[in-house]
Amino acid sequence: MSMNTAPPAMAAKERRWITSRPVRRFVRHRLAIAGLVMISAIALLCVVGPWMLPHGMLDIHIRDRFSPPGSETYLLGTDAMGRDLAARLFMAGRVSLMVGIAAMVLSTFLGAVIGLVAGYFGKVIGTVLMRFTDAVLCFPQIFLLLVLAAFLEPNALMITIIIALTSWMEIARIVSAEIRSLRERDFVTAARVSGASHTWIMFRELLPNTIGPIIVAATLTVARAILIEAYVSFLGYGIQPPLPSWGNMLNNAQQFLDTAPWLAIVPGVAITLAVTSFNFIGDGLRDALDARSDLQ
Amino acid sequence: MTADTPLIETIELKQHFPLRRGLFGGSNLVVRAVDGITIDIGRRSVLGLVGESGSGKSTFGRAVMGLETPTSGSLKFDGLDIARAGSEEMKAVRRRMQMVFQDPFSSLNPRMSVANTLSVPLRFHEPGLSRQARRDRAGEMLETVGLPARYIDRFPHEFSGGQRQRIGIARALMVRPDFIMADEVVSALDVSVQAQVLNLFAKLQREMQLTMLFITHDLAVVGHVSDHVAVMYLGRIVEIAPTRALFSEPHHPYTEALLSAAPTPEARDRKKRIVLEGDIPSAVNPPSGCPFRTRCPYALDACAEGVPVLREVGPGHRAACIRDDLMLAAATGT
Amino acid sequence: MSRVLSVENLGIGFRSEGQDFTVVRDVSFSLEAGQTLALVGESGSGKSVTSLGIMGLLPPPPQSRTTGRIVLHGGDGDGDIELLGLPESRMRRLRGDRIAMIFQEPLTSLNPVHTIGDQIVEAIRSHRRVSRAKARTRAVELLEQVGIPDPQERLGTYPHELSGGMRQRIMIAIALALEPDILIADEPTTALDVTVQAQILDLLRRLQKDTGMAMLFITHDFGVVADIADRTIVMYAGQTVEEGRTETVLSDPLMPYTIGLMNAVPRLETAGLKLGDLKTIEGFVPDPAALPQGCSFHPRCAYMQEGLCDTSPPSIEDAGGGHMVRCKRWRQIGEGRET
C-alpha cells in the first residue's frame, strides 16, 4: 500500500467493529457461521434443555427401559435403566463443554505465558523452555492422561487440569514463534529506549499482537479437549457416573450396541457436531484474523 | 556539566559480532561492524553520519543508544562513562537519550493507541504522573509535532507514513531528552513528506535545544540538517568536517565518490562522475591497511600498509587518507 | 527514431470491497527506440500501475478495469499489436521477449532455489527453441555484458550469495536475454546505495546505446531522472500533470506540483549553508476514491485561484515545444518566473 496517501480513517467514516475487516471476513466464511450457530444451539440446549424436559436425568423409569427415540415423552429414547436420554445428553453436554472450555482457558494461559517468556528471552531461557515444550510434546498424550487419571481422583476438575497440562504445547510454540518475529520490530526497541520493563514489553507490547493466532489455537483446543475428555471418559478413567458426560455415555452404550444403537449414536453425534463446529469456527477465525495486512 | 564539553564522546568504540557458522559454531570469525570510532557530538549540535549499507552506521547508532554492549572502547554521555555508571545514573541517562526510527510502520505498536504509545516513556521515567496528566502531555506533544490533539485515541493504521513518523518523533520527545538519535528517519517517506519531516526536525532541534545524531545514506539530507558530517566506511570514520567544508572541499576519495554519485536534479556533465567499482567489502574480512583502498581510484601501494589515521586537514576537518596531493571534486561539481 | 509503443488515453481502475476507484486517468505517451522516458511521481501517483498495465500484469476484470489503447508497434514486418485485451497466452509470449521488466527488489524476483545460470537459461528457453548449451553460452555473454566478473563461475551461484547491486545486474541480464524492444524499469535503483546506483544507471545507459531498446523508467527521484531520461512525465493522482524534455521539465517546470517537488528536495549545492526550511507541499495525495473537484492538486497548490482551479478539471496544454502542462495558470506561473 502507498505510504503517503490520505489515511484511510480520514477518507472513510469511522468504522464500527461490527463492520471491521476481520468480522466481515469471518461472516463470509459459511462453515464458520454454521459452526457458530451449531455451537450456540448446543450450548443453549444444554443450559435450558434439562428444564424443558419432563424427566430429570436421574429419574429411573424401569418400565420404559430401552425406549427408542421419539417414543412418548422420551425425545431421544431411554437407556438401560429407563433414564431419559435427552436429559442425560444435555446434562452431559454441560459437563463436556465446561471441561472443554475450562481446559482451553487453562492451557491457553499456560501456553501463552511459556511461549511469551521463551520467545522474548530467546537464548538460554528460551531454548530451555522450548526444548521442555518439545519434550512434553513427544509424550503420547493419551498415555500420559491415562497414567495421571489412574493415580489421581478422576473428577471433572482433575480431568480439566490433566487435559490442560497435556495440551498447552501447541499454543506455546505458536506464541513463541510469533514473539520471536515481533521482538525484532522497531516498536519493541522503541519501548526499550523509552525505559519500559520486560514485563511491560512482554504483556503490553507483544502479547496483544499475538492475540489472533492465540484465539485460533484456543478454539481448536476446545475441540480437542472435548474429544480427549470423551475418549478418557469412554475408557472409564474420566468423568465418573452418575455424573454424565458424552464420553461416559458412550462407555455405557457399548454393551447395547446391537440392541439399542441410539444409546451410542446420540452422544456420538453430539460429540461430532460440537467438535466439528469448533473446528469450523477455528478455521474461520484463522482466515479472518490471520491476514497480515491487518497488523500493518 | 559545562557548556563546552561535548554531550557525547566515544573513544575507539568497537562493536564486533561473532559470526555463527554451521551446526557446531566453532568459528572465531567476527563481523567488525564498528571498528574503532572516536567522535564528539557537541551540545545542541547536529552530527550527520553518512555511509552506505554495510558501513556500520546504524550499529554505531545503536551502540551510542546503549542497545548494544560495545566490544571495546568507551562511550561517555555528559561526561559520564556509560560502562561504569550505576543503575540509577543509567536510568537518568536513558531518559535523556531518545531515538527515532526509520520505518514508520514497524516503529509503532499496531495494537496501541497514540495516547498509550506516547505515555510509555512517561510511565517509566515519571511514574508519579496520573493517567490524565500523561494524556494531557501526549496531547500537547501531538500539537508540537504538528498533529491535532484530537487524534490521540487513534491507532497507527489510521495514519499515513508521514504522520506516523511525527508520532514517532513525539514519542521520543515525551520525556524532554537532550539527545536524539535519528536513524534514516526520512528514507521511507515521499519527497514532499520528507521535506515536512525535515523541517519539523529542524524546528524541534532549535526550540528544544536538542543534540542530534542524524544517520542517513542521503547526502543531500545530511547536508541540509547537520552542523558537522562524518562519513563512515566499513566500520570507520574516513572523514569528518563542518558540513560546508565537507561538501565544498572533500579530502577523502570516498567522500568525493559519494558526492559525485549522488543524483541531483541539476543537469551535470555525466562524464565527470566518478563511478566506484564493485561493492563495499565484507566487514568480516576487511582489506588490510586503508579499508577503502580496494575501490579507491587514487590508491597507492602504500595504502595497504597500516590503517590511515584521521588527520587534521582544515579547521575541525579531519580525513583518514595518506595522500595530501589530491585535488578532489566538490559537491558543486566545480 | 522509431516508435515502439504508444499508450493512448490509458485508464486503470480497481474494485476493492465493493468500491470502485480510478488510479490512472487518461494517460498518453509513446516510447521511441533508443530513448528513455521517465515516469516520476510520489506513491499513489499511478506510475507503477501504469507499467503493470503495459505488461498485462494487473489482476483480471472485474478486480481491475483498463480502458484506452496500448499499441506495440511492429519492428521488422510484424504489424502493430494492441496489447489491451490480448489473450494471456499471447501476452505471455510478448512479455520477456519484446517487453521486459526489472523491479526495485531483485531478491524477490529471483528464485532462491535455482542458480542464476539456470534462471537465465530458463528465461531464454521459455521463449526460444535453443539447446541448453547454446542458452548457457548466451548466459555467459549476458553476464559479461552487465559487468559481472568471472561470468562462467557466477552461473553456479545462488541469488542470496550476491550483493544487491549484483542481483540487480542479474535481473538486467535476464531482462535483456531476448533483446527486448522495451525495458520497463520500476524503481530499479531505489533499494541500492548511491555508488551502486551510479553503476547501475551507467550500465543501463550503456546497454541502451548498444541495443537501441526503449526504456520506461519509473522513479520518485528527480536526481535519477536528470541522470537517465530523455523525456519526463510527472504524474499526480493518476494523471500526467507535466511532460516534456527532461531538461525543460527540471529547469523550467510550469506545473505547481512539479515546482513544489523540486523545491522540497534538499540540494547538495547548498549543503551546510543553513538556508532555513525546505519548501513543502502541504497535505496529502488525495484518496483515489475521493478526488477533489476541479484540478486534483488544487487543495495543496500554492498558486491556486479560487473559482478557477476548484471548478473544472484543467486539460493538458502545450506550453511550447512539446512541453505539456496540466494547469490553467501555467502562463502566469511562467511569466512570474521571468520577471
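**View 1. The contact between chain B and chain C.** In this predicted model, 37 residues of chain B are in contact with 38 residues of chain C (two residues are in contact if their C-beta atoms, placed from the backbone, lie within 7 Å). On the chain B side, two or more residues each come from α6 (191–207), α7 (219–225), α8 (243–248) and α9 (253–261); helices are DSSP runs of H or I with at least four residues, numbered from the N terminus. The largest share, seven residues, is that of α6(B). By type, this side of chain B holds 20 nonpolar, 11 polar and six charged residues (Ala, Val, Leu, Ile, Met, Phe, Trp, Tyr, Cys and Pro count as nonpolar, Asp, Glu, Lys and Arg as charged, and the others, Gly among them, as polar).

**View 2. The two domains of chain C.** Domain 1 spans 1–98 + 179–267 and domain 2 spans 109–177, with bounds from an automatic or database domain assignment. Their C-alpha centres lie 25 Å apart. The contact involves 15 residues of domain 1 and 11 residues of domain 2. On the domain 1 side, helix α8 (residues 194–211) of chain C gives the most, with six residues.

**View 3. Confidence along chain A.** The mean pLDDT of chain A is 81, and 91% of its residues reach 70 or more; pLDDT is the predictor's confidence in each residue, from 0 to 100. Over residues 1–15 of chain A, pLDDT stays under 50. Residues 291–296 of chain A also have pLDDT below 50. Where pLDDT is low, the predicted coordinates should not be read in detail.

**Notes.** Residues are numbered from 1 along each chain as its sequence is written, and chains are lettered from A in the order in which they are written. Local features need pLDDT of at least 70 and side-chain atom pairs count only at pLDDT 80 or more, whereas totals for chains, interfaces and linings use all residues.
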